[in-house]
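Please read them with the structure open.

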Amino acid sequence: MFKSLRDKFTSFKHSVGKAVHKKEEAEEIEVSSNIQISDLPTTKSSGPPTKLISTTTEEVTDAQKTPSLSIEKEKMKKKEKTKKVGLKDKAKTLILKREAILDEKDLAGPLWELEISLMEGNVALPVAEEIVSNVREDLIGKKKRIFSNTEEIVEDALKDSIKDVIRNDGPLFDEMISTGDKPVVILFVGVNGTGKTTTIAKVAKRLIDNDYSVVIASGDTYRAGAQEQIEIHAERLGLRLIKHQYGADPSAVIYDAVEHAKAKGKDVVLADTAGRMHTDANLMRELQKIKRINSPRLTIFVDEAIAGNDAVERAKQFNESIGIDGSILSKLDADARGGAAISIPYVTGKPIFFFGVGQRYEDLIVFDEDWLLGKIFGEE
Ligand SMILES: Nc1nc2c(ncn2[C@@H]2O[C@H](COP(=O)(O)OP(=O)(O)O)[C@@H](O)[C@H]2O)c(=O)[nH]1
Ligand SMILES: [Mg+2]
């Protein structure tokens with residue numbers, strides 16, 4: 001899960017680390033050209049001489065900011081200071097104070113590499129651009145203490161920018177179920193084989209565990225075996241399944257399920273539908289009809305993480321043509337890249353409610369930004 005993104009982010013951290021290092025070296029050279037050998041300690045201080053030269057960076061940098069000061073004056077000042085404070089102490093304080101300021105030029109290479117990496121990790125282009133621009137804004141011009149951990153700073157910038165693109169302030173799935181009129185009708189849509197039916201069973205199990213009563217509508221009246229597949233789940237979970245013949249109008253099946261739920265005082269109707277391509281206008285119109293007749297509280301788009309950018313594009317198209325309230329991304333367990341998980345919320349402007357992470361009923365994870373970031377950045 002997210003291995004590719006994790007590796008790429010690590011490589012970005014290293015690249016920025018190198019840029020910082022290069023900057024340090026450049027400063028050291030500038031500094032050393034302003035210092036006479038007599039300024040250097042002759043005692044066995046920790047680290048090679050260049051390290052100690054670098055400890056005076058801040059002083060010299062400050063002096064450089066005041067061009068009116070002659071180099072001679074700078075040297076005098078430096079010598080005075082050196083006398084007052086013991087060399088070792090001086091080294092310590094100055095090391096702690098030393099800073100590097102990254103500019104656009106330092107980061108151009110690493111940021112370009114980051115954008116390519118994101119796209120290779122299946123992050124959609126506009127999302128990759130947004131992340132890169134957030135990271136750029138965060139890192140450039142900031143004074144970074146050299147002795148604070150560069151990688152940590154970069155990781156924080158990456159995390160913040162990812163949080164920004166996945167942020168959604170809409171109500172959570174559980175809130176939507178617990179509030180408002182019953183039954184809550186939830187329509188599941190998406191292309192074929194992405195995990196809609198399995199996801200419905202997982203969501204049903206979760207609802208039952210939370211003490212809701214559930215009815216399932218067998219709205220895939222098209223694909224051979226679809227009704228039997230969902231029937232098995234309903235039996236296992238002890239749920240009532242409402243179904244018609246194959247070829248029947250799915251709007252009518254779902255309508256019956258809603259009527260049944262109303263009559264029996266059930267809390268939730270989970271409505272399956274046949275998979276369809278977002279490019280098939282007729283089948284998309286069928287979904288519009290289902291929505292018109294049954295007014296689902298939630299229309300949830302289901303797709304598989306392994307489809308990467310295709311899943312992102314489909315999420316966008318389904319949202320534009322029928323309007324979705326959120327997504328569920330299945331098969332995250334089988335996806336090494338993970339870009340779709342970051343891209344879908346941004347591209348649709350709608351939350352991801354759950355991740356599917358396996359074939360068992362309990363392999364359903366409530367979307368949580370900290371969980372997602374933890375997985376991406378390799379914290380357990
Ligand atoms: N590894 C894995 N497989 C899944 C997950 N969700 C669904 N599947 C499998 O994907 C296949 C297609 O699922 P199905 O629910 O029939 O898809 P549908 O055509 O969209 O209804 C089945 O073999 C499922 O067991 C998941 O989260 N992880
Ligand atoms: Mg199905």
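1. A definition comes before the strand pairs: two strands count as paired if DSSP finds at least two bridges between them. The model is a predicted one.

2. The sheet is open and has eight strands, with mixed pairing, in the order β5-β4-β6-β3-β7-β8-β9-β10. The edges are taken by β5 (240-242) and β10 (364-366); each has a single partner strand, so one side of each is left without a neighbour in the sheet. Direction ignored, neighbouring strands of this sheet are turned by 25° against each other on average.

3. Strand β3 (residues 184-189) runs parallel to β7, and four bridges join the two. Within this pair, F188 stands opposite I300 of β7. Strand β3 also runs parallel to β6 (residues 268-271), again through four bridges. There the bridge partner of V184 is V268 in β6.

4. Is β7 mostly covered or mostly open? Strand β7 (residues 298-304) is mostly covered, since six of its seven residues are buried. Its pairing with β8 (residues 326-330) is parallel and extends over five bridges. Together with helix α14 (residues 309-322), β7 and β8 make a right-handed β-α-β unit.

5. V214 is worth checking on the display. This residue lies in strand β4 (residues 214-217). Why is V214 classed as buried? The cut-off is 20 or more other C-beta atoms within 10 Å, and V214 is buried because 25 lie within that distance.

6. The contacts of V214 can be listed, leaving out residues up to four places away in sequence. V214 touches A204, L207 and I208, and also L239, K266, D267, V268 and L270. V214 and L239 are 25 residues apart along the chain, and their C-alpha atoms are separated by 6.7 Å.

7. Which residues are closest to ligand 1? They are G195, K196, T197, T198 and G356, out of 18 residues that surround the ligand. Helix α10 (residues 196-209) gives the largest share of this shell, three residues. By class, the shell holds 12 polar, four charged and two nonpolar residues.

Definitions and conventions: Residues numbered from 1 in each chain as written. Chains lettered and ligands numbered in written order. Predicted model: local features only at pLDDT ≥ 70, side-chain atom pairs only at ≥ 80, totals over all residues. Buried ≥ 20, exposed ≤ 12 C-beta atoms within 10 Å, placed from the backbone. Right-handed = clockwise from strand over helix to strand, strands pointing away. Near = placed C-beta within 6 Å. Nonpolar A, V, L, I, M, F, W, Y, C, P; charged D, E, K, R; others polar. Contact = placed C-beta atoms within 7 Å. Axes fitted to C-alpha atoms, helices over the stretch in contact; angles between N-to-C directions.
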